[in-house]
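Student: Can you walk me through this one? Keep it quick.
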Amino acid sequence: MSETSQPQVVLITGTSRGVGRNLAAHFSRRGDHVIGCSRQAIQWELPNYEHFALEVTDEAAVRQMMQAVGKKHQRLDILINNAGIASMNHVLLMPTETARKVLEVNMLGVFVLCREAARLMQKNRYGRIINIGSAAVQLKIEGEAIYAASKSAVVSFTEVVAKELAPFGITCNVVSLSPVQTDLIRGVPEEKIGKILDRLVIK
């Protein structure tokens with residue numbers, strides 16, 4: 001809850017499954033108003049939850065979603081940029097189109113959501129933006145050059161945006177996750193996951 005202990009308005013991207021779905025369930029249990037979005041429609045329901053089917057790189061669709069949130073709730077308290085994709089290929093085998101898609105979703109999508117969310121948050125001079133990063137940046141994992149580059153860009157972007165938005169009462173931070181058992185890493189061999197976990201301070 002916020003400082004006033006009132007239900008917060010929380011927008012989470014990539015809520016159709018995995019981390020995003022669990023985040024949506026967490027805030028729903030707290031009694032917050034949760035807005036989720038993903039490329040596909042969802043097949044489940046949560047209390048106080050509404051869903052938008054859109055691409056985070058679709059600027060017009062994101063703006064329409066923010067306008068709907070502003071009209072219905074008059075504010076946005078929290079944005080969690082969770083949506084992301086990965087393609088784990090050696091750089092010599094990475095198709096340009098795949099690389100472009102990873103960079104667009106993981107970085108451009110974050111930019112569009114942050115900008116539009118901040119425009120809504122600044123009206124109440126309060127907001128919390130959390131961008132989901134990845135341990136791939138720190139661990140520099142082979143086969144993830146483009147993915148790590150996209151998440152590294154998110155870190156740099158967040159550090160600068162935090163300074164730009166601070167005067168409006170909006171904070172912006174990155175939470176970098178280690179491997180989580182979701183569809184994102186389903187195709188990664190267990191041996192590789194094990195080697196990554198062995199490099200973490202807390203396994």
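Tutor: First, a definition: the expected span of a helix is 1.5 Å times one less than its number of residues. Helices (H or I, at least four residues) and strands (E, at least two) are DSSP runs, numbered from the N terminus. This is a predicted model, where local features need pLDDT of at least 70, side-chain atom pairs count only at pLDDT 80 or more, and totals for chains, interfaces and linings use all residues. Residues are numbered from 1 along each chain as its sequence is written, and side-chain values use heavy atoms, with hydrogens and water left out.

Student: OK, what does α1 reach from its first C-alpha to its last?
Tutor: 17 Å, over 12 residues. That is close to the 16 Å expected.

Student: Which residues of α1 are buried?
Tutor: Gly20, Ala24, Ala25, Phe27 and Ser28. Buried means under 20% relative accessible area, exposed over 50%, partly exposed in between (1.4 Å probe, protein chains only).

Student: And what do they pack against?
Tutor: β1, β2 (33-38), β3 (49-53) and β4 (78-81).

Student: Switching to Thr15. Where is it found?
Tutor: In the loop between β1 (9-13) and α1 (18-29). Thr15 is buried because its relative accessible area is 0%. Its contacts (heavy atoms within 4.5 Å) include Gly20, Ala24 and Trp44, leaving aside neighbours within four places in sequence.

Student: New topic: at what angle do α3 and α5 pack?
Tutor: About 15 degrees, with the axes of α3 (residues 96-121) and α5 (residues 145-165) 9 Å apart. So α3 is roughly parallel to α5. Angles under 35 degrees count as roughly parallel, over 145 as roughly antiparallel, 65 to 115 as roughly perpendicular and the rest as oblique.

Notes. Axes fitted to C-alpha atoms, helices over the stretch in contact; angles between N-to-C directions.
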